[in-house]
Every structure is written in structure tokens, then in C-alpha cells.
Amino acid sequence: MTKFDIRKRDGLARTGVFDAGAGPVQTPVATDMEFLFPGLASASFINIPLSAPAKLVEQYPPSITNGPVIIHPQRKNTAESGDCVMAAGWHTAFSNPRNYVDWLVGLKEKTPADTAWYAPAAALPTTVAILCYSGFDLFDYTAVDLKSAQGIFCTPEGEFPANAMESGICTCPGCKTGNLKEHNREALRREIALVARFIRQAQLRDLVESRCRMEANQVAIMRYLDRHDTFTEQAQPIARSGVMRANSAETMQRAEVQRFAERVLSRYVPPPKCDVAVLLPCSARKPYSLSQSHRRFQQAIGGRAHELIVTSPLGLVPRELECVYPAGHYDVPVTGYWDAEECAFISGILARYFARHRYRRIIAHLEGGALLVARQAAEIAGITLEFSCTDDPAGPAALNALDAALAGERRIKDNHLHGMLSYQFGADVDTKGIVSRGRFPELFYSKGTTQFFSIDTGTGLLRPTFDGWALIPEGYRVTIDDFVPEGDVLIPGVTGADPAIRDGDEVLITGKRVLATGRAALPAGEMLRSRRGVAVRVRKIKRL
Amino acid sequence: MTKFDIRKRDGLARTGVFDAGAGPVQTPVATDMEFLFPGLASASFINIPLSAPAKLVEQYPPSITNGPVIIHPQRKNTAESGDCVMAAGWHTAFSNPRNYVDWLVGLKEKTPADTAWYAPAAALPTTVAILCYSGFDLFDYTAVDLKSAQGIFCTPEGEFPANAMESGICTCPGCKTGNLKEHNREALRREIALVARFIRQAQLRDLVESRCRMEANQVAIMRYLDRHDTFTEQAQPIARSGVMRANSAETMQRAEVQRFAERVLSRYVPPPKCDVAVLLPCSARKPYSLSQSHRRFQQAIGGRAHELIVTSPLGLVPRELECVYPAGHYDVPVTGYWDAEECAFISGILARYFARHRYRRIIAHLEGGALLVARQAAEIAGITLEFSCTDDPAGPAALNALDAALAGERRIKDNHLHGMLSYQFGADVDTKGIVSRGRFPELFYSKGTTQFFSIDTGTGLLRPTFDGWALIPEGYRVTIDDFVPEGDVLIPGVTGADPAIRDGDEVLITGKRVLATGRAALPAGEMLRSRRGVAVRVRKIKRL
Amino acid sequence: MNVETPEKPLASWRGKERYDCEQLDCLTIIFKSGGCSWSKCWMCSYRHERYGKTDCAELLSRLRAQLAWVIRENKPEEYRMVKIFTSGSFFDPVEVPPAFLADVATAFRGKLLIAETRPEYVSRETLVSFIEGLDDGSWKTPLYCAIGLETSNDFIREKCINKGFSFSDFTSASSVARSAGAGVKAYLLFKPLFLTEGEAIKDMETTIRDILPYADLVSMNPCTVQRNTELEYYWKRRAFRPPYLWSVLMLLKNAPVHMTCDPLGGGQKRGPHNCGKCDYELVRGIRDYSLNADRELIAALLETECTCKNEWQYVLGNESPYCMPLTR
Amino acid sequence: MNVETPEKPLASWRGKERYDCEQLDCLTIIFKSGGCSWSKCWMCSYRHERYGKTDCAELLSRLRAQLAWVIRENKPEEYRMVKIFTSGSFFDPVEVPPAFLADVATAFRGKLLIAETRPEYVSRETLVSFIEGLDDGSWKTPLYCAIGLETSNDFIREKCINKGFSFSDFTSASSVARSAGAGVKAYLLFKPLFLTEGEAIKDMETTIRDILPYADLVSMNPCTVQRNTELEYYWKRRAFRPPYLWSVLMLLKNAPVHMTCDPLGGGQKRGPHNCGKCDYELVRGIRDYSLNADRELIAALLETECTCKNEWQYVLGNESPYCMPLTR
């Protein structure tokens with residue numbers, strides 16, 4: 001029996017340990033697959049192209065004794081959890097990015113999540129990043145060895161004539177001895193090691209946004225995958241703790257960016273009885289509140305308005321959400337120029353927000369691109385803006401104007417918790433009487449001696465206590481069988497999970513005998529479509 | 001005396017050979033600069049930051065005996081051709097991309113072109129690509145050695161803790177023996193070798209569009225440099241012969257893309273007496289004419305309209321220019337989605353084109369994003385479009401509709417040459433009687449036995465004979481002293497050059513004793529601001 | 001496109017063919033017919049070449065017009081052999097009205113005639129009467145039935161070609177033909193869909209051995225990508241690569257009998273090809289060999305050096321049915 | 001921001017100071033004055049702390065109010081030493097009306113007083129009369145003139161600090177002070193603008209040797225980035241890094257005399273700092289050493305292990321004036 005333990009997820013990519021009986025291998029990996037699966041060597045006459053119609057696949061269903069399970073876009077799933085599945089002929093899929101993505105999504109959706117994916121003859125230093133990004137784990141040396149036979153020198157940045165080996169681009173043992181085959185294999189292994197590192201750092205997307213620039217098809221694959229937003233979004237962790245590099249146009253299409261915008265529009269509830277809003281520019285420092293400019297803004301506003309930050313690529317960040325991933329985590333090149341796509345995307349978000357939440361006054365304390373976007377949004381939404389600055393929003397003139405604009409407005413109650421709860425759990429919770437303690441952003445929320453929530457400063461998410469969960473009427477529950485978990489809740493024990501749950505979400509575990517708080521280790525869909533591994537990392541258990 | 005011979009240019013980047021007296025070194029290079037310039041080691045108390053005001057610089061002008069010439073944004077140039085110039089403290093410039101670019105442009109503009117540029121303490125595997133892209137040639141090991149001292153493992157994709165050395169990301173001799181310093185130096189040298197390769201392939205921009213994604217500041221530097229379009233454009237060769245990878249949003253801002261669009265709008269003259277235009281979609285195959293779809297379009301049109309291809313990122317490609325760089329060379333990821341920035345840029349070009357050239361009828365044989373763009377352009381320009389297809393433009397229904405739409409229109413004369421001449425030389429030449437021979441795209445233009453032009457199939461540019469030049473009334477002339485060149489024309493012999501001349505342009509050399517045809521080896525500005533090297537590669541000489 | 005042109009064959013040309021250690025002048029004709037009755041082979045685009053809805057009488061008259069054009073254009077003394085193809089089978093009575101057979105026999109009386117047909121149309125009766133009209137004693141075997149067996153492997157013929165008949169159908173047809181006094185020519189298809197280069201080579205090697213008792217002449221066709229075929233569908237999606245010319249050479253060299261081979265589209269993307277640098281010379285060599293049967297020529301060609309030979313050898317050893325084709 | 005508050009000094013606090021092998025309770029006062037007459041040092045932001053346009057009488061009354069506040073808040077028996085700073089020079093008659101000096105002398109009669117001043121305001125006359133008011137015989141040297149010499153290198157003082165006086169101005173002032181019966185305290189600035197870490201260290205080493213004959217007390221200030229200074233301008237543009245605490249330790253350890261050192265902003269980005277991990281302990285140790293002069297403590301601190309030590313050693317060896325600062 002083969003076995004596959006997933007260790008770390010990053011979107012569709014993952015690191016893990018695969019064992020086909022010959023001992024465990026760390027994935028992603030390039031290895032002699034015919035050694036792992038002796039049946040591969042003797043397979044014959046079984047070719048069925050990826051583009052073959054269902055009829056042909058039914059007539060000649062490909063399979064290999066002592067081999068991985070062959071999956072095909074036109075075929076029902078025959079794989080089980082722990083299996084190695086092989087997308088035969090995957091190396092040909094690159095030529096048509098639309099097919100690549102449609103096939104991939106179809107295959108991923110119908111195959112158990114905890115299967116190890118083998119893409120034969122597909123891995124090159126140039127391709128393995130996007131292959132891992134697509135959710136493949138196992139690779140062979142076929143493609144690089146072919147390049148060696150062709151006299152081609154492989155690097156992650158592209159392929160060159162063999163004599164490039166002498167130009168100092170690489171100094172591996174293969175290059176030292178003029179052994180092209182050894183170099184090419186080495187180059188593949190190195191790239192896989194690098195990719196594995198980025199997966200562990202939960203930053204593979206950043207690497208892929210870089211790597212793909214050398215091949216148009218990879219850019220198209222990335223873009224098509226982004227367009228499969230429902231599918232892609234599910235695989236994204238709810239938060240990462242590192243920096244999110246917003247360094248290319250495609251960042252705006254990232255599932256995590258789109259999810260943030262969507263949740264701000266659909267889940268987030270602004271502070272009640274607050275009918276004045278101020279639109280503010282973002283700051284390089286995150287969370288914004290820690291920047292000098294925002295400290296000045298907040299001083300000038302004095303709590304007399306709801307603060308909304310207009311920013312690329314996120315769109316709109318209500319002050320309450322400034323610590324939440326990715327609002328507290330993105331890093332973006334600042335040139336002052338907002339391109340038309342940014343403007344369209346962000347003004348669309350603003351317009352939808354203002355259509356949904358009616359403010360009596362909206363003061364645009366903005367300049368440049370952000371101001372342009374706010375004007376566009378106002379036009380779309382048919383609302384009127386007031387303007388409180390002409391140039392530098394953090395300059396004394398603008399700050400005085402902002403102060404003056406808010407003269408006579410009454411101070412509204414600070415209600416960060418309410419906003420965060422609505423965003424994170426989709427719940428409109430009455431937080432009256434709950435106060436925050438601690439030093440921003442390390443906050444705790446409690447009433448008297450009862451603590452309800454604390455903030456995970458890495459992700460900006462709320463961590464509810466049992467009392468906190470009592471305030472959240474529904475959702476984010478994982479139900480388990482009639483047992484008391486020792487440590488983490490494992491996948492086989494899970495009987496149900498709110499489909500909204502994503503990797504990293506705070507969840508409440510409910511069973512007949514216990515209640516427990518914890519953090520989901522994978523999305524609801526995968527919990528239900530997998531057989532092994534941790535489902536929820538438990539923080540606290542209460543026996544019932 | 002130091003000496004610097006530039007070998008290959010790619011934008012601001014170049015490869016070359018530098019000699020400070022201790023023997024030649026190939027550039028770009030990382031080396032022990034204190035060995036090349038012993039004065040560096042003993043320099044003391046001479047620090048003047050890049051951001052220092054002119055007054056301070058004047059008061060304490062930094063200089064080093066037996067060292068490179070120190071350049072500073074606030075100081076007049078003191079360097080001469082062949083010198084090594086040092087932008088002291090350049091490693092600090094990365095923190096402010098706007099300053100980086102303003103300083104760079106200022107320094108480049110006032111310093112002789114054939115100087116070797118040293119950026120001290122700035123080169124890391126992550127930064128050296130953009131440094132070379134910025135026009136630096138010489139680097140030291142200071143920055144990587146510092147990383148080694150800090151226990152940081154350097155790769156072109158980013159920096160990691162030293163233990164990453166054991167993860168297989170690299171297999172250089174340093175890594176094999178656990179020598180971090182050796183690895184880091186090796187990693188820098190490797191990246192420089194890779195960069196040098198991309199410079200030689202004239203594709204450094206492609207690499208930079210990839211590399212920059214890992215650091216927001218580098219993206220900003222690239223974007224700011226693009227915005228200095230007059231400066232940046234001058235350094236771009238008029239054509240390259242490889243593929244232009246249009247794989248990111250910034251491709252549209254490339255000087256070569258902007259230049260193409262500008263020349264189509266300002267120089268290009270459509271065929272005379274042709275008042276019907278058909279807008280066509282592009283094809284993956286280049287030149288378009290060789291694709292199946294365009295063969296069908298041309299069959300359906302039958303020469304009864306002027307063919308204009310609507311495409312991203314170039315905007316508008318008149319059929320006559322389809323072989324010209326970059327129209328015949330770009331490769332773009334195709335997803336069917338045209339983002340708002342693309343739409344805005346391209347519809348702007350179309351609108352300006354149609355405002356300038358009035359057609360009686362414009363038939364949009366387009367679908368999807370291209371159709372959208374055409375509609376936008378028509379609205380801006382206040383013109384009316386006809387539409388000849390509803391879905392696949394290359395499908396039989398659409399082709400029939402196109403044929404029908406052109407019923408009754410008379411065939412116009414094929415006049416590729418006229419269009420190309422206007423684009424390349426800005427000349428509206430009467431080409432009557434000149435016919436083309438050869439097999440597309442390998443064409444020759446002649447009248448009787450007199451040949452005027454041939455096409456360089458690599459670049460798509462025209463190569464005029466002396467008779468061809470006689471048709472071009474002005475421009476693209478390089479004047480030389482009273483001598484007969486033996487082989488190529490060297491820089492010291494050049495007395496004047498049309499400022500429009502770019503690296504790779506076809507030029508006519510005029511001297512008292514000769515007339516010669518050739519190809520410029522560098523832009524006019526550099527010809528006049530340099531002292532050594534080839535100015536024009538001569539093809540044919542005629543003594544007067 | 002609907003312009004009526006005077007009736008003439010789809011194609012017709014003159015060339016040389018090797019027969020019985022001689023090189024004969026040969027007239028090849030491709031008649032436009034009623035169309036192949038089977039018409040399902042993955043790689044075949046000839047099936048689209050057929051008259052639309054016509055009745056038998058009209059079909060006959062059009063065929064006769066084509067024949068008349070051929071006779072008009074070619075003097076009988078200028079060729080000794082005639083090869084006849086249709087979109088399907090020359091002996092299929094639905095596709096080619098039987099009355100036309102007699103015309104053909106008469107027209108080419110005294111010539112050596114090779115006519116292509118599927119095995120199911122090889123009937124003793126038809127052949128006997130056809131030979132009667134054709135034979136003037138010039139040739140020991142005046143007629144050869146050319147059958148596109150493609151491979152002796154029924155599974156491959158079914159899955160990879162969709163040919164719709166079996167090896168035993170072929171051997172039966174062979175017996176029938178011989179009993180009627182006709183010879184048998186076998187067409188083999190080298191590298192149909194869904195086979196690796198290595199599998200395809202092995203298939204040919206086996207097939208050649210298998211057919212020796214049943215075929216008098218053997219012609220091997222390296223697979224070419226024709227328009228509007230299933231094969232083209234897969235080829236466009238990178239799921240098929242035509243065979244290497246190296247493989248063709250190797251098969252020709254090792255075959256126990258002389259096989260003719262005309263590498264259609266040789267050296268082009270859609271036809272059998274190597275890397276583009278060595279192709280021209282090899283294609284010419286293969287054509288020469290078809291005529292002169294010079295094994296030493298083939299052996300020498302196979303020893304030619306080219307950078308793509310490494311690639312080919314790698315593909316032979318490493319292309320697997322689950323990751324193919326490795327190259328383009 | 002324009003709210004009037006009762007007149008009190010800019011700052012005033014109590015602490016310990018080492019003097020003559022003793023630890024004295026010390027009252028430190030920073031008077032708000034008429035402002036530094038020079039007011040051009042790159043790193044100084046105190047120059048912004050001054051009364052706006054006031055006449056001499058008003059200035060005097062405000063200074064007196066501040067003094068009264070200090071006397072009110074601090075019982076005389078609770079401190080033995082007084083350190084007085086202004087935005088510039090205590091003995092500058094334009095900045096501090098001479099009448100006020102008498103008040104101060106009277107108020108702190110019997111205390112050991114250290115007052116900061118630029119050398120040009122050290123005049124025998126002023127000092128003699130001031131000491132007269134101050135001295136009750138408790139101290140051998142009841143007054144020390146504290147002069148911000150910063151460095152003995154005139155070039156550095158000019159280019160990197162913009163101090164506006166020379167080393168000889170300092171030595172002259174020292175003679176004057178001593179002849180008037182006052183002592184001299186020298187403030188040194190470790191690592192001003194435009195110096196590498198190594199250059200700054202060498203400068204301190206030289207300076208310490210140079211001033212031995214002229215200074216009775218030495219205090220070394222590692223440079224800190226204050227707001228609204230030229231230094232801050234460069235620091236924000238990555239052109240300045242405050243010194244490493246390792247360097248401070250090394251200088252204190254090797255100095256031929258005991259130097260006091262209060263690393264203001266120690267461990268923070270704007271102050272002298274290492275990597276952030278080891279800073280707290282080292283800053284505390286430096287403060288302790290200032291009081292206890294325990295060289296062994298300093299030596300031990302310098303032997304502390306931290307990952308940033310390598311970096312510091314690298315910077316010492318490799319930071320050059322043409323590529324600095326190497327770190328942040």
C-alpha cells in the first residue's frame with residue numbers, strides 16, 4: 001500500500017512524505033519513478049492522450065499493474081486516499097493553458113485530496129515551480145534527461161545550448177566535470193528544493209509570479225487558475241504570517257486578495273450608528289496605525305468618523321480590519337501611478353461598498369490615484385464625496401482641513417471587535433460591554449474577568465475562547481464522532497465541517513462528549529475528501 | 001590609464017572588457033575592486049551620501065587617488081571616456097526607487113557613455129540583474145561577504161537563513177563543504193554569468209521582469225525607468241532578433257513597445273488612396289501572414305482594404321509592419337481577457353490613429369477584448385465602425401461576412417514598402433515602379449535591375465542600397481571626417497549623427513571622400529559621447 | 001469553390017516503381033469515387049474526397065470521364081505499371097460501380113496493375129473477371145490487390161487505427177486473391193496514434209515477419225498528419241509525433257524483405273521527420289532505396305551523424321505510453 | 001499646542017553620577033533658554049528648544065521661574081551634584097542672561113556643578129564670579145565647564161558635525177577654566193555623520209589621547225538620531241547608521257581613563273544598537289559601567305556571544321567611506 005502524508009500546504013502546493021513501499025520520500029521530489037513503481041517500466045500500448053474523448057477512454061481505460069493510478073479528465077475517479085495518481089502525458093498539457101487548467105481543476109475536484117500526484121516527463125527547472133503550484137508532488141528525470149540528450153543546458157530561467165555550461169552560470173559538480181546530464185538533474189533537484197522552501201514559507205505564489213515571466217504559457221496557466229476562483233480560493237489558507245508580495249499585476253487576481261475584497265463587501269458590518277466615513281490613503285508600514293501618517297490622521301479625526309483605507313491591491317480596508325491578512329501583510333511597489341485595471345477593480349469595490357452601506361457624509365482625504373479611484377467609485381455609486389486635501393494628506397494643511405471638516409461630528413464608539421467578527425465569522429455580534437486590553441496590536445477582548453477573544457498578531461485573526469464562541473451563533477463548526485480527542489483532531493474523526501472553513505481558520509469542535517477550540521489544518525472540503533492527517537489543531541478541550 | 005571596451009549593448013546594460021592596468025576583465029563582473037584600484041583601500045573621511053546637497057559636495061568633493069572617479073548626483077561630471085566611475089554608496093539607493101532612477105538618469109546623462117560603472121557594496125544575487133539593467137558593470141564582494149558574516153544564504157530568489165545551505169537549493173563547492181562565504185560569492189558570480197548571457201541575447205529586460213517580482217523596490221525601479229521614456233528609449237536597440245516576451249503588465253511600458261506605437265502614430269503613412277480599413281485580430285504565429293487565420297483573412301479581403309491588426313501589447317500593427325520588430329517577435333500569454341489598462345492603452349492608440357487617418361469605412365473583424373477596444377476607440381475618436389463577425393473571426397461565417405462587406409470595393413495596390421519606409425525612416429517615399437521579389441518574408445525591392453532595399457528577416461527592417469538611400473531625402477545620416485574607413489567606422493571618426501539614430505538602425509555614412517551604408521552599433525547620443533569603439537558597422541563603401 | 005471543372009482524377013502522376021528487380025515506369029491514379037464505405041480510420045483524410053449524393057449511373061459516368069482524361073493524357077507506351085487508388089476500395093461495388101472495373105481492365109490491358117482495396121471486397125469472382133480483361137500474358141501476375149493491413153496486431157489496428165478488420169480478414173483475402181491469380185501487396189502503417197516510437201518499431205518488426213506468407217509486395221508508410229483527421233486533432237494537441245526518419249531507416253535496413261517506402265511529407269512537421277537539419281538527405285535516400293533496394297545505402301544513411309540522433313536514441317529507450325510523445 | 005503651562009525646565013530628573021570614585025546623587029536640569037547662538041550642528045535638535053522672540057528681562061524671569069520650580073521640587077539634601085544644560089551654552093550671555101548665573105550659583109551653593117557651554121563663552125571673569133557664589137568649600141573643584149568638543153579632529157568636527165570651533169578653541173577654554181578654578185569636562189561624540197564605524201572608532205581613540213591634558217572628566221555620547229536634524233535627513237535615506245554597542249564597549253574598555261557614557265536611545269533604531277537581541281543587556285551594562293567604572297564588567301560584556309558580532313567585525317573591517325553604512 002502506498003501512503004502519503006501531507007505536511008505543509010500552500011494553495012494547491014504541498015510538501016509531504018510519500019511511501020510506495022520502498023521507503024519514504026520527501027515531496028516534492030524528482031526520482032526514479034520506475035523504481036518506486038516497477039509496473040511503469042513494463043507498461044505498453046496503454047497510451048490515451050489527455051485530450052481523448054470519454055468514449056475512447058471507456059473503451060481502453062489505461063491502467064498499470066504495480067503502477068500509480070492513472071487519472072484522466074474524461075474518466076471517473078478510481079483513486080483512493082494515499083494513492084499515487086498519475087496524470088499521464090501531463091507534459092503535453094503546457095501547450096494549451098486553458099486545457100491545462102480545466103483538466104487540472106476537474107481532476108483535482110474528483111480525486112481524493114490526500115493523493116500524491118505524479119506528472120510524468122514534465123519536470124524541468126523551468127516548469128517544476130508551476131507544476132508544484134498546480135498540486136503535483138512527484139516527478140521523474142525524463143524531461144531533463146531528454147534535454148541532456150538534446151545537448152541543452154537547463155536552468156530555472158530557461159534553456160541554453162550545452163556550451164553555456166562553461167560560462168559560469170552554474171558551478172555544480174556536473175558542470176565542473178562537463179557532465180551535462182548530471183547538471184540538468186542537479187538543476188531540477190535544486191529548483192525543487194527551492195520550491196519546497198517557498199511552500200514551507202507559504203510564498204510559492206510569489207516565486208511563481210516571478211518564474212512564469214520566462215514562459216507565456218505559464219503566465220496564462222496562472223491567470224486561468226486565478227479565474228477558477230471558487231476552486232482556487234478553497235485551497236488558500238485564510239492567512240499567512242509573512243509578507244505578501246504584491247509585485248505584479250496578477251497579485252490583484254490572487255484568491256486571497258479577491259477573498260478579502262469579497263468578504264469586506266459581503267460579510268463585513270461597519271460600526272452601527274456611524275454615518276460619517278473618511279477615506280484615507282494607505283501607508284508602507286503595516287498595520288497602518290503604526291505609521292506616522294496614520295497616527296496623524298487618527299489624531300485629526302479624533303474618532304469622529306469611520307476610517308476606510310483605499311489601497312491597491314486590496315481595494316478597501318476598514319480600520320478594524322487593518323491587522324487581518326493580507327491587509328496587515330502586503331508590500332507593494334509604490335510609484336504613484338495607478339493603472340486602469342487597478343482603478344477599475346478598486347473603484348468597483350468602493351462603489352459596491354457604498355451602495356451597500358449608506359453614509360451621510362463621505363470625506364475623501366486622498367490624493368493621486370486613490371483620489372481618482374474614489375471619484376470613479378462615487379460616480380458609479382451615485383454618491384457625493386467631500387474633499388479635505390489638495391496635496392499631501394499627512395501635511396498640516398490637509399490635517400487641519402480634515403479636522404475642520406469633522407467639526408461638530410460626534411465621537412463614535414471604537415468597535416474594532418464588531419468589525420473583525422463580522423469579517424472573520426460572518427456574524428453580526430453584539431459586543432456591548434466587551435473591552436479591549438493590551439497594547440496594539442496585541443489585544444485581548446473581555447468583559448469583567450471573562451475573556452472572549454484574543455488576536456493572533458501574526459495573522460490578525462481573532463482567537464475565540466469558549467465564551468467567545470458562545471457569541472458566534474453559527475458557522476465554523478467541525479463536528480466529530482463520539483470520542484475525546486487526545487491532542488489534535490484527526491481527519492477520520494471528523495463527521496462534518498462548515499464548508500466555509502479554510503486552512504488556518506479558527507473553528508469550534510463539537511462532539512457528543514467534548515467541545516474544543518482550535519485551528520483548521522486544512523479546508524473543509526479536504527477534511528471530508530481525505531483519510532489521513534490532522535484536521536484541526538486543538539487549543540483547548542472541554543468535556544461535556 | 002583605464003580602458004573600457006563595450007562589446008554588446010542591451011538597453012542600458014552592456015558587456016565589455018575593462019582594464020585598469022592589471023589586465024583585462026570581462027564585464028559585468030564581481031571582483032576585488034581594491035586590487036584593481038589600490039587607492040580604494042586607503043580612502044578615508046571622504047564619504048558624501050548620494051542625498052547630500054550640492055553645497056556639501058562642493059565643499060568636500062570626494063575623490064580617491066589611484067581610485068575610480070567618484071560621481072555624484074549634485075556634481076558636475078569629471079569623468080572621461082574609458083574611466084571607471086563609482087557611484088559611491090549606491091547600495092543605499094535601493095531604498096528609494098524614485099531617487100534611484102532620478103539619480104541614475106542624471107548621472108548617465110552627464111557622464112561619457114563609454115565609462116565602466118562601479119556600484120560598490122550593492123551586488124547580491126538578488127540585485128545584480130537590476131544593477132546591470134541600470135547600466136552598472138563592476139561589482140565587489142562586499143555585500144555578499146556581509147551576508148556571509150550575518151549567516152545569510154543568498155540566492156537570486158531571495159535570502160534565507162544559513163541552514164538553507166543544507167536543503168539542496170544549491171550544490172556548489174561552497175555548499176558541499178559548508179562554506180557559506182564561498183557559496184555566496186559563487187551565487188553572485190553565477191547570477192552575473194546568467195545576466196551576461198541575457199545581455200548577449202538582448203533579453204535582459206525579460207529576466208528583470210522576472211527577477212524584480214521578489215522585491216517591490218525593484219519593480220518600482222523598473223517602472224520609474226520606463227517612465228523616463230525619452231532617456232530609456234534612446235538606449236534601446238531599434239530591433240532585436242529573438243522573441244520579445246510580453247509576459248507581464250510592464251511589457252506595455254517597455255520603451256520598444258512605446259516606440260513602436262508612437263512611430264505608428266507619428267511616422268507611419270498608410271497606403272495612399274486607400275479609404276477602407278479592416279481591423280483584424282492577431283495570431284500566435286509571427287509574422288501574422290504565415291498563420292492559417294491570416295491566410296484566410298487575406299483571402300477573404302482580397303486586397304480590397306487596408307489591414308490593421310489590433311493586438312496587445314503593441315496596439316495597432318498595419319499589415320506592412322508585421323515583420324518589423326517587435327511586431328514580428330512578441331510572444332504573449334493568451335487568455336482572452338484584456339485588462340482595463342491594456343484596453344485603455346490600446347484604444348488610445350487606435351483612437352489617435354483614426355483621428356489622424358480618416359478612412360471612409362472601418363470594418364471591425366474582431367471578437368472579445370480586441371472588439372471591445374475597437375469600440376472604445378471608435379467612441380473616443382467619434383467614428384463609426386462596421387462589424388463583420390459575431391464569434392470566431394476565422395470561421396467560415398465570419399469570412400463570408402467579411403467578403404460580403406467588401407463587395408464592390410476595388411482592389412488597392414499592395415504597398416508594403418511605402419509603409420515600411422515611413423515607419424523606419426520617417427519618409428513618405430514615392431515607390432512607384434518598385435516591385436518586390438523573393439519569398440515572403442525574404443523580400444527584395446527593385447526597379448528593373450536596380451535594387452533599392454532588402455529586408456533583414458531577423459529584425460524586419462529595410463536595408464537600403466545606395467540607390468535606396470537616394471530615395472530617402474533626409475535623416476539617418478552619420479557624417480565622418482575626411483578619410484576612407486577601412487572596415488567599420490570608429491567613434492573618433494564620427495563628426496555628426498542624426499539624433500534619431502538608435503543602436504541597430506540602418507544609416508548612411510557621408511564623408512568628403514566616401515559614401516557608405518551600414519548599421520549603427522550604438523545610438524547617436526552615445527556615438528557623440530564616447531571615444532572608443534565601433535560607431536557603424538559598414539556594409540558597403542563607395543568612394544566619391 | 002463550387003466552380004465546375006472538367007472531370008479528372010483527384011491526382012495522377014508518373015514515376016518509377018521497383019518490381020521484381022526492375023524499375024518500371026509507373027502511372028499512379030487516384031480516382032474520385034463514391035467514397036470509402038468504412039471511412040473511419042483515424043489517420044485518413046482521403047475519405048473526405050468523394051462525390052456527394054449521386055446515383056450509380058452518374059457515378060459511373062464521372063469515373064469514366066476521369067479514366068478518359070487519364071488515357072488522353074498518358075501514352076500507353078510510356079508506362080508499364082499502373083497503381084490505382086480511390087478514396088477507399090477499388091473493388092467496393094458501392095464505391096466503384098462494377099461496370100467501371102471492366103473499363104479499367106480494358107484500358108490498361110497488358111499493364112501490371114496494383115489496385116487498393118479493403119480485404120472484404122476481395123472476391124474471387126470479381127478478380128477473375130477483372131484479370132481476364134486485363135491480362136494479355138505480359139505479366140505472370142498482372143494484378144496485385146493492395147490492402148492496407150497497416151499492422152498484424154489486431155489490438156493496435158483496432159485502437160490506434162480504427163481499421164475495422166482483422167488480421168485473419170487479411171489472410172483470407174490473401175488466399176482468395178491468390179486463388180484468383182492475383183498477387184497481394186500489403187501496406188503497413190508505421191507509427192499510428194497512441195504508440196511510442198519504440199512500440200511502433202516493434203509493431204512493424206513483428207508485422208513484417210507475420211505477413212511474409214501472405215504478401216508478395218510490402219510497402220511501409222510512415223504516418224503523416226493529414227488534415228481533418230482524428231490524427232490531426234491529437235497532433236495539434238501534442239499527443240502525436242510522426243515517426244523519426246532514423247526509425248524508418250532502421251526498419252528498412254533490418255526488414256527480411258525489401259520494403260518500398262515513400263515518406264510523404266518527409267522532413268516536415270506533419271510527416272516523418274528528424275530535427276530538420278538531416279531530414280532532406282535521409283528522405284531522398286529512402287526514396288532511392290525504394291527503387292534500388294540498396295541495403296548498403298540504407299546502412300550508410302543510418303550511420304550518418306547528426307545531433308538529433310542522441311535524441312532519437314533517448315526517445316527509443318525512454319518514451320513510455322504514459323508520457324508520450326517526448327518530442328515534437 | 002499653544003496651551004500655556006506653568007514655567008518649568010524642559011526636563012529635570014534625579015540620578016546617580018560617578019565622581020572621584022564615588023557615586024553621587026545628581027540633579028540634572030535642562031533649562032529652556034534663549035537658544036543656542038550657534039545652532040548649526042548636524043545632529044542637534046536641542047537648538048529648536050528655545051523661547052521665541054523675548055527680551056532679556058522676560059527671558060530672565062522665565063529662567064528664574066524654572067529655577068524656582070526646580071528648587072521647589074527637589075530638597076537640597078537629596079543631591080550633591082547638579083548638571084545643567086541649556087539648548088546651547090549656559091555661559092552664553094545672549095542665551096542665558098548673566099544675572100541668572102548668580103541666581104543659580106546661590107541656589108546650588110555647596111553643590112558640585114557641571115554646566116555645559118561652548119568654549120567661546122568660557123571667560124575667566126564669569127567663572128570666577130560664578131564660583132564665588134557657588135563655592136562653600138565642600139568641593140575642591142566646585143564647577144566643571146562641560147564642553148562639547150566631540151572630537152579632537154578639526155576636519156571631522158567641521159565636516160561631520162559642523163561645530164564651528166576648533167580644537168585649539170577648546171584647549172584655550174580649558175586653560176581659562178582651570179585658571180579660574182573650574183574643572184573641564186569634555187563631551188565626545190562617537191560616530192557623527194559621514195564616518196564609517198571604523199573611522200569613528202579611530203577618531204575616538206585619537207581624541208581620547210589628545211584631550212587627556214585638557215579634560216578632567218570625559219563623557220562619550222554615541223550618536224543618536226534626533227528629530228528635525230540634518231542627521232535625521234541622512235538617516236532616513238540610509239546614509240547613516242548609529243554606532244554599534246560593541247564599538248562603544250570596545251572604546252570604553254580600551255580608554256586610558258574612565259569615560260562615562262549614557263547610550264541614549266540605546267538598542268533602538270535611532271540610537272546606538274546592535275541586532276536587537278543583545279542590545280538590552282549591553283545598554284544596561286554600559287550604564288552600570290558609567291557608575292562603577294568596572295573594567296572587568298566591560299571586558300566581560302565585550303566577550304558576550306551574539307550572532308551580530310560577526311556582522312560588526314565585518315563592518316569594522318570592510319565598511320569604507322565610499323560604501324557606507326553597510327548595515328542599518
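Where does B:Ala121 lie in chain B? Select it: B:Ala121 is in the loop between strand S7 (116-118) and helix H5 (128-133) of chain B. Helices (H or I, at least four residues) and strands (E, at least two) are DSSP runs, numbered from the N terminus.

This is a predicted model, in which local features need pLDDT of at least 70, side-chain atom pairs count only at pLDDT 80 or more, and totals for chains, interfaces and linings use all residues. Residues are numbered from 1 along each chain as its sequence is written, chains are lettered from A and ligands numbered from 1 in the order in which they are written, and side-chain values use heavy atoms, with hydrogens and water left out.

**Backbone stops**

Stay on B:Ala121. Its phi is positive, about 55°, although the residue is not a glycine. B:Ala121 is buried, at 6% relative accessible area; buried means under 20%, exposed over 50%, and partly exposed in between (1.4 Å probe, protein chains only).

C:Lys191 is buried, with a relative accessible area of 2%.

Then select A:Pro287, in the loop between strand S12 (276-281) and helix H13 (292-301) of chain A. D:Pro325 sits in the segment after helix H11 (308-318) of chain D. For background, most residues other than glycine have a negative phi, and most peptide bonds are trans.

A salt bridge is a side-chain nitrogen of Lys or Arg within 4 Å of a carboxyl oxygen of Asp or Glu. The count over all chains is 98.

Show A:Arg9 and A:Glu526, whose side chains form a salt bridge (2.9 Å, N to O). A:Arg9 is in strand S1 (residues 3-10) and A:Glu526 in helix H19 (residues 524-528), 517 residues apart. Both ends are buried: A:Arg9 at 13% and A:Glu526 at 14% relative accessibility.

Which residue forms a salt bridge with A:Arg14? The partner is A:Asp137, with the closest N and O atoms 2.9 Å apart. A:Arg14 lies in strand S2 (residues 13-19) and A:Asp137 in the loop between helix H5 (128-133) and strand S8 (138-139), so the pair ties together parts 123 residues apart in sequence. A:Arg14 is buried at 6%, and A:Asp137 is buried at 0%.

For a network of salt bridges, select A:Asp10, A:Arg205, A:Asp206, A:Glu209, A:Asp226, A:Arg240, A:Arg245, A:Arg254 and A:Glu256.

**A helix pair in chain D**

Display helix H1 (residues 56-73) and helix H2 (residues 98-107) of chain D: their axes come within 10 Å and cross at roughly 10°. That makes H1(D) roughly parallel to H2(D). Axes are lines fitted to C-alpha atoms, for helices over the stretch in contact, and angles run from 0 to 180 degrees between N-to-C directions. Angles under 35 degrees count as roughly parallel, over 145 as roughly antiparallel, 65 to 115 as roughly perpendicular and the rest as oblique. Among the residues that meet are D:Leu60 and D:Leu63 in H1(D), and D:Ala99 and D:Phe100 in H2(D); contact means heavy atoms within 4.5 Å.
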